[in-house]
Amino acid sequence: MLDYFAVENSLRGKGIGGKCITLMKKIKPYQGIILEVDAPDFAQDEADKNICLRRIKFYTNNGIRLTNISESLFGAHFKLMVLDFSSKNDDDAIIKNSKKK
């Protein structure tokens, strides 16, 4: 699971984030990579919601799929996204595999 992914503000818009995701796609021993993103429905205000939606759009533009899986932890609300390496990673499989020890 990828918990935090960011590019320094002054370096944004230069393709660095997309290049990092391209490198992640080359990690083939795994079935996929799960990312947590802030849930837009729980944004503090409209500006925060727009940031959440921009992040999701960035990831989807780079081949990462938004799932229907939501989670809450310590008062924070997230949506899960997945970079699939296997066509078997539907939402149910992601939940099942994440619970394996």
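This is a predicted model: local features need pLDDT of at least 70, side-chain atom pairs count only at pLDDT 80 or more; totals for chains, interfaces and linings use all residues.
View 1. C20 is another story: at 29% relative accessibility, C20 counts as partly exposed. A disulfide is a covalent bond between the sulfur atoms of two cysteines. How many disulfides does the count come to? The count comes to zero.

**View 2. The whole protein chain, for orientation.** Of its 101 residues, 29% count as buried. Looking at contacts between residues at least 6 apart in sequence, 58% join residues at least 24 apart. The protein chain exposes about 7,400 Å², and carbon and sulfur atoms supply 53% of that area.

**View 3. Strand β1 and its partner β3.** Is strand β1, residues 32–38, largely enclosed or open? Five of its seven residues are buried, so β1 is largely enclosed by the rest of the structure. Strand β3, residues 76–84, runs antiparallel to β1, and seven bridges join the two. You can pick out two places along this pairing: L35 stands opposite M81 in β3, and V37 stands opposite K79 in β3. As you look along the strands, keep a general rule in mind: in a regular strand the side chains alternate between the two faces of the sheet.

View 4. Q31 sits in the loop between α1 and β1. With a relative accessible area of 48%, Q31 is partly exposed, as the exposed class begins over 50%.

**View 5. The hairpin of β2 and β3.** Here β2 and β3 run antiparallel, with six bridges joining them. The hairpin has two residues between the strands. F74 belongs to the loop between β2 (65–73) and β3, and its relative accessible area of 83% makes F74 exposed. For background, most residues other than glycine have a negative phi.

**View 6. The largest pocket.** Rolling a probe the size of a water molecule over the atoms shows where empty space is left. In this model, about 800 Å³ of space lies in the largest pocket. Its lining is made up of 28 residues, and F5, A6, R12, R55 and Y59 are the ones that lie nearest its centre. The elements giving two or more residues to this lining are α1 (16–24), β1 and α2 (46–61). Which element gives the most? That is α2, with seven residues in the lining of the largest pocket.

Methods
Residues are numbered from 1 along each chain as its sequence is written. Side-chain values use heavy atoms; hydrogens and water are left out. Buried means under 20% relative accessible area, exposed over 50%, partly exposed in between (1.4 Å probe, protein chains only). Contact means heavy atoms within 4.5 Å. Accessible areas come from the Shrake-Rupley method with a 1.4 Å probe; for residues, only the protein chains shown count as cover. Helices (H or I, at least four residues) and strands (E, at least two) are DSSP runs, numbered from the N terminus. Two strands pair if DSSP finds at least two bridges between them. A disulfide is a pair of cysteine sulfur atoms within 2.5 Å. On a 1 Å grid over the protein atoms alone, a cavity is a set of points where a 1.4 Å probe fits but cannot get out, and a pocket is an open set with protein on both sides within 12 Å along at least five of seven lines; lining residues have an atom within 4 Å of a point. Grid points are joined across faces, edges and corners, and a volume is the space filled by probe spheres set on the points.
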